[in-house]
Amino acid sequence: MMVRIAICDDLREQLELIRKAVQLYFQDKREPIEVFTYENAMDFVDAFEKKGNFDIVLLDICMPGLLGTDIAAEMRKQKSRAEIVFLSTSEEFAVEAFAVRAAHYLVKPFTQEAFAQAMDRVMDSLRQRHSGKMVFRLVGGGIQVEEINAILYIESEGHIQKVYTADHSVLETRQPLAAILDMLESMAPGQFVSPGKGYVVNQSAIRLIKSDYIEIQGHKIPLAKRKYRQFQESYLKFIFGQDA
């Protein structure tokens with residue numbers, strides 16, 4: 001897959017350092033890349049509005065006139081699924097960064113090793129999104145790859161998430177439930193939702209919705225009563241959209 005990468009930093013020397021880090025990271029990778037650099041935040045915003053199809057955005061936070069976190073918030077409002085990596089000289093904006101689903105937050109000056117770790121995470125996300133498969137790190141060691149359409153629902157038990165699949169198997173992972181939901185949302189927007197605390201369900205697998213539970217392959221999953229009407233409406237919209 002061609003990977004389209006945008007870099008935005010108001011300092012030219014920083015822009016060049018980041019561009020070189022990108023080239024060094026990808027020099028032994030199989031993916032071809034296109035790199036676009038922007039020294040002005042508004043130039044990037046204009047480019048995003050015209051092209052809007054960047055896969056990775058490496059974004060400085062403190063720029064004249066416009067914060068990187070504000071740019072990212074607007075990107076998310078416009079349903080951008082780009083993997084965003086923030087770069088900053090301090091950690092003070094980390095909370096705001098992850099509020100807009102940042103993939104990583106790098107503090108300048110960064111090492112090539114730290115940059116590579118951030119990019120490894122980003123590229124894993126992109127590959128999973130394009131493949132329609134998700135990699136789970138299993139409790140006890142090892143990994144398991146699952147087609148996302150084969151995931152029926154996920155149940156949280158303390159720090160362990162139990163993933164129920166269409167072939168009646170159950171795998172266990174310590175990956176946070178919120179992180180799993182974010183990944184599923186990036187690969188299949190709207191398909192996976194939470195009916196209540198501690199659960200994520202695949203709307204394609206739902207066969208029955210009652211006022212206090214959902215049924216998937218004979219499993220009854222609790223549905224918060226306050227969510228019933230909203231959940232039912234969103235489910236019908238999802239199914240209608242699938243059929244359209």
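Buried means under 20% relative accessible area, exposed means over 50%, and partly exposed lies in between. The model used in these exercises is predicted.

**Exercise 1. Lys162 and its partner**

Find the salt-bridge partner of Lys162, then decide whether each side is buried or exposed or in between.

Solution. 
Step 1. Lys162 meets Glu157 in a salt bridge, with an N to O distance of 3.9 Å. The cut-off for such a pair is 4 Å.
Step 2. Lys162 has a relative accessibility of 18%, so Lys162 counts as buried.
Step 3. Glu157 stands at 42%, and therefore counts as partly exposed.
Step 4. Other salt bridges share partners: Asp9, Asp60 and Lys108 are joined into one network.

**Exercise 2. The surroundings of Lys108**

Place Lys108 in the chain and list what it touches beyond its sequence neighbours.

Solution. 
Step 1. Lys108 sits in the loop between strand E5 (104-107) and H5.
Step 2. Its relative accessibility is 11%, so Lys108 is buried.
Step 3. Set aside the neighbours within four places in sequence. Lys108 then contacts Asp9, Gln14, Asp60, Leu87, Ser88 and Thr89.
Step 4. With Asp9 there is a side-chain polar contact of 2.6 Å.

**Exercise 3. Salt bridges inside helices**

How many salt bridges does a search of the whole structure find? Work through the pairs of Glu16 and Arg127.

Solution. 
Step 1. The search finds 9 salt bridges. Side chains of opposite charge can pair when their charged atoms come close.
Step 2. Take Glu16. Its salt bridge is with Arg19, and the closest N and O atoms are 2.2 Å apart.
Step 3. Both belong to helix H1 (residues 12-26). Glu16 and Arg19 are 3 residues apart there, so about one helical turn separates them.
Step 4. Glu16 is partly exposed at 30% relative accessibility. Arg19 is partly exposed as well, at 22%.
Step 5. Take Arg127. It forms a salt bridge with Asp124, the closest N and O atoms being 3.6 Å apart.
Step 6. Arg127 and Asp124 lie in helix H5 (residues 112-131), again with a spacing of 3 residues, about one turn.
Step 7. Arg127 is partly exposed at 26%, and Asp124 is partly exposed at 41%.
Step 8. Recall the helix geometry. An α-helix has 3.6 residues a turn, so residues three or four places apart point the same way.

**Exercise 4. The two sides of helix H2**

Which residues of helix H2 (residues 41-50) are buried, and what do they pack against?

Solution. 
Step 1. The buried residues are Ala41, Phe44, Val45, Ala47 and Phe48.
Step 2. Look down the axis of H2. These residues fall within an arc of 165°, so they line one face of the helix.
Step 3. Turn to the other side of H2. Glu49 and Lys50 are exposed there.
Step 4. The buried residues pack against strands E1 (3-8), E2 (33-38) and E3 (56-60), and against helix H3 (68-77).
Step 5. Inspect the ends. At the start of H2, a side-chain oxygen of Asn40 comes to within 2.8 Å of the backbone nitrogen of Met42. After H2 comes Gly52, with a positive phi near 65°.

**Exercise 5. Strand E12 and its partners**

Describe how the side chains of strand E12 (residues 199-202) point, and identify the strands that bridge to E12.

Solution. 
Step 1. Tyr199 and Val201 point one way, while Val200 and Asn202 point the other way. All four of these residues are buried.
Step 2. Strand E8 (residues 151-157) runs antiparallel to E12, joined by 3 bridges. Ile154 has Val200 of E12 as its bridge partner.
Step 3. Strand E11 (residues 192-193) is also antiparallel to E12, with 2 bridges. Here Phe192 is the bridge partner of Asn202.
Step 4. E11 and E12 make a hairpin with 5 residues between them. In the turn, Gly198 has a positive phi of about 90°.

Methods:
Residues are numbered from 1 along each chain as its sequence is written. This is a predicted model: local features need pLDDT of at least 70, side-chain atom pairs count only at pLDDT 80 or more; totals for chains, interfaces and linings use all residues. Side-chain values use heavy atoms; hydrogens and water are left out. Buried means under 20% relative accessible area, exposed over 50%, partly exposed in between (1.4 Å probe, protein chains only). Helices (H or I, at least four residues) and strands (E, at least two) are DSSP runs, numbered from the N terminus. Two strands pair if DSSP finds at least two bridges between them. A salt bridge is a side-chain nitrogen of Lys or Arg within 4 Å of a carboxyl oxygen of Asp or Glu. The arc is that of the directions from the helix axis to the C-beta atoms. Contact means heavy atoms within 4.5 Å. A polar contact is a pair of N or O atoms within 3.5 Å; within protein, one must be able to donate a hydrogen and the other to accept it, and residues adjacent in sequence count only if both atoms are side-chain atoms.
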